[in-house]
Amino acid sequence: MSGIFYVIGTPIGNMEDITLRQLETLKSVDFVCAEDTRVTVKLFNRYEIKKQLVSFHEHSPQAVADSIIDRLLNGESCGIVTDAGMPCISDPGEVLVKKCAENGIEVKVVPGPSAVVSALAISGLSTKRFTFEGFLPVPKKERTERLEMLKNETATMIFYEAPHKLRGTLADMAENFGSERKISLCRELTKIHEEVIRLTLGEAIEYYEASEPKGEFVLVLDGAVKSAGDKITIEDALAQVQKLVEMGERPVDACKAIAKESGYKKSELYNSFCGK
């Protein structure tokens, strides 16, 4: 009988945000996969956890993933953690979850803090609908295409960004979305220097021309505003339904939500989406 693969959230900054269930699970599994063992060992030392750590990151060879799956198939239990927050979200751990699914290995989640929803909750922007975009592509062509694709997105958009890339990203966003678009810049969440700055894109560019960006950022960007009577196309409405379904909504519920915003009937969206 195969073991269980546990996806375990960890604090995004403040170590006191760990939960009793997370600690219990980390202490009970046979081994733990970590994005950076040097980071995870600090958490383990703080809570006196003594477990084998296996390094697994985006540059790990295929053989490492295969060996982890083999151990699970042989009955061992395993937990996976990332440096901060929930594993498998913009994180190489998703590879192991997919492999577990392919091999019939049970996967359980031990949830914890998430920088995405934490930033959204304190952004001051709409939380009704949102889309998580992670890190923007680095190559100029791919980045431009991604931003162009999001130009008319009406949901609140959430991005991750590193401090040394922030100024360039803000400039690219202002070029595509306009300098008056609202943005909340959340940095160092739950840490001593936690800060949320709520500005327009134009104001944010000016602010960080005078100030050096420091810490890891979560950028929460306001969605596009549809003018009165400006009905979106059925294709755009269905694309929004698809996004909600990808986030875990049932098709019928996704169609109901988008119907309220787009003006299309729920049945019309549902029938088109399901190919009826």
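**View 1. Five strands make an open, parallel-paired sheet ordered β3-β2-β4-β1-β5.** This is a predicted model: local features need pLDDT of at least 70, side-chain atom pairs count only at pLDDT 80 or more, and totals for chains, interfaces and linings use all residues. Residues are numbered from 1 along each chain as its sequence is written, and side-chain values use heavy atoms, with hydrogens and water left out. β3 (52-55) and β5 (106-110) are the edge strands, each pairing on one side only. From one strand to the next, the twist averages 25°. Strands (E, at least two residues) and helices (H or I, at least four) are DSSP runs, numbered from the N terminus. Two strands pair if DSSP finds at least two bridges between them.

**View 2. Strand β4 (residues 78-81) is covered on both faces.** Cys-78 and Ile-80 are buried on one side, Gly-79 and Val-81 on the other. Buried means under 20% relative accessible area, exposed over 50%, and partly exposed in between (1.4 Å probe, protein chains only). In a regular strand, side chains alternate between the two faces of the sheet. Three bridges link β4 to β1 (residues 4-8), and these two strands run parallel. Val-7 stands opposite Ile-80. Four bridges link β4 to β2 (residues 31-34), again parallel. Here Phe-31 stands opposite Cys-78, and Cys-33 has Ile-80 as its bridge partner.

**View 3. Helices α2 and α4 lie across strands of the sheet.** α2 (residues 37-46) lies across β2, β3 and β4, at about 155° to β3. α4 (residues 93-102) lies across β1, β2, β4 and β5, at about 150° to β1. Axes are lines fitted to C-alpha atoms, for helices over the stretch in contact; angles run from 0 to 180 degrees between N-to-C directions.

**View 4. The largest nonpolar core has 20 residues.** Such a core is a set of buried Ala, Val, Leu, Ile, Met, Phe, Trp, Tyr and Cys residues joined through side-chain atoms within 4.5 Å. Met-173, Ile-183 and Leu-185 have the most contacts inside this core. Two or more residues come from each of α6 (140-150), β7 (156-161), α7 (166-177), β8 (182-187), β9 (195-200), α8 (201-210) and β10 (217-221). α7 gives the largest share, five residues. A second, separate core has 17 residues, including Val-7, Ile-69, Ile-80 and Met-86.

**View 5. Ile-183 and residues it touches.** Contact means heavy atoms within 4.5 Å. Not counting residues up to four places away in sequence, the partners of Ile-183 include Leu-170, Met-173, Ile-197, Leu-199, Leu-201, Ala-204, Leu-219 and Leu-221. Arg-198 and Thr-200 are also among them.
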